[in-house]
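Work through the following exercises with the sequence and the coordinates open side by side.

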Amino acid sequence: MNASDAKSLPPASFAAATVATVIGFGGTVALVVQAGQALGANTAQIISMLAALALGIGLTGAVLSWRLKMPVVMAWSTPGAALLATSAGYDWPTAVGAFLLAALMMVVTGMIPALGRLAARIPSGVASGMLAGVLLPFCLKLFQAVSVDAAFVIGLIVLFLVAKRFAATWAVPVVLVAAFVVLGLRGQLALSFDTGWMTRLAPTVPQFDWKAAIGLALPLYLVTLASQNLPGLVVLRAAGYEPPANRLIFWGGLASTLAAPFGAHGVNLAAITAALCTNPEAHPDTAQRWKVGVIYGGLYLVVALFIPPLVQLFVAMPAHVLASVTGIALLAPLAGALGGVFKDEAYREPALLTFACTASGLALWGIGSAFWGLMVGFAALAILKRP
């Protein structure tokens with residue numbers, strides 16, 4: 001590396017990419033584990049799920065950052081994982097089939113610009129209502145867990161608030177580490193590590209079911225597009241870049257399609273972690289900041305190699321502690337979604353109805369509440385004749 005290369009990669013670039021990786025992976029990995037468990041995945045399949053997601057995030061983000069010369073930061077779909085974790089009644093092969101259908105819908109959206117524009121016209125309040133309805137049960141479980149282990153759960157909440165005050169970016173990882181430390185001291189982590197230390201992908205033959213297509217694949221596609229890809233594009237534009245929206249959506253969808261048979265539910269643009277890698281503190285030169293995206297992608301590839309011990313930690317975690325950590329991690333996304341529900345007065349009633357229906361857990365004909373929440377919201381828009 002020559003002197004000019006060294007100057008173009010200041011230590012802050014590595015620090016930003018590292019922090020983004022820790023926050024992106026550690027912040028909601030508990031939620032992804034819960035999603036896999038809810039859909040009947042065994043430990044090997046959950047390992048494969050996380051590994052496929054990490055590989056998709058790392059490879060896609062690094063290559064796109066290098067090719068487009070902008071920091072393209074990818075992530076898994078956090079709202080999608082929340083949706084999956086509340087979607088009981090599907091087996092793992094059927095869920096994998098839904099992942100594949102959602103990914104293909106994203107590919108088609110990237111190939112046909114008109115579809116992207118049509119999806120973008122869904123009122124943000126209605127999309128926020130569906131997301132808030134999906135996230136609310138997780139945050140409620142945080143306080144339901146108090147009755148199981150009051151001192152532990154309340155301690156985690158207090159620690160989160162203190163960390164939020166002094167180091168907001170690290171609040172969730174601090175809570176996660178503290179939970180593991182306390183569980184270890186209590187002897188409540190029964191770790192076997194029988195899956196080894198190195199990652200092995202476990203492919204699953206997808207099964208396709210019309211109920212899963214409507215109740216799982218369609219909401220997964222919509223919530224990922226509205227809550228991940230579109231905000232991710234906004235972050236890049238705010239940083240002074242001109243992202244090719246359709247190309248980025250297409251490549252994220254293609255990565256998801258290739259990773260779906262291994263259990264990945266969705267690879268897409270990041271928003272929160274992207275902000276860490278696209279701001280001037282990550283690199284003072286806008287033209288050189290794409291290298292932060294490459295470093296971030298490389299770190300995810302390293303993480304992908306050592307998924308088994310990480311998954312074992314979460315699988316061994318008591319259910320109420322896993323629910324508490326997940327609830328804490330989703331407080332900020334829930335606050336943002338609720339803000340979207342009430343933001344635009346013109347769409348407030350449809351957004352509230354979408355939120356209430358989704359949060360209710362309504363299931364008809366084997367189709368979950370996220371779909372019915374959207375249908376209620378769209379019906380309310382039609383009746384009220386809102387654009």
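Predicted model: local features only at pLDDT ≥ 70, side-chain atom pairs only at ≥ 80, totals over all residues.

Residues are numbered from 1 along each chain as its sequence is written, and side-chain values use heavy atoms, without hydrogens and water.

**Exercise 1.** Compare the radius of gyration of the protein chain with the globule rule.

Solution. The radius is taken over C-alpha atoms, and the rule is 2.2 Å times the number of residues to the power 0.38. For 387 residues a compact globule would have a value near 21 Å, and the protein chain has 20 Å, which agrees.

**Exercise 2.** Check the length of helix H18, then find what its buried residues pack against.

Solution. Helices are DSSP runs of H or I with at least four residues, numbered from the N terminus. The expected span is 1.5 Å times one less than the number of residues; for the 16 residues 369-384 this gives 22 Å, and the end C-alpha atoms are 22 Å apart, which agrees. Buried residues (under 20% relative accessible area, 1.4 Å probe, protein chains only) include Phe371, Trp372 and Leu381 in H18. The buried residues of H18 pack against helices H4, H7, H10 and H17.

**Exercise 3.** Which residues does Leu50 contact beyond four places in sequence?

Solution. With contact meaning heavy atoms within 4.5 Å, the partners of Leu50 are Phe25, Val29, Val32, Val33, Trp76, Ile307 and Val311.

Technical notes: Helix = DSSP H or I, 4+ residues; strand = E, 2+ residues; numbered from the N terminus. Buried < 20%, exposed > 50% of the residue type's maximum accessible area, 1.4 Å probe, protein only.
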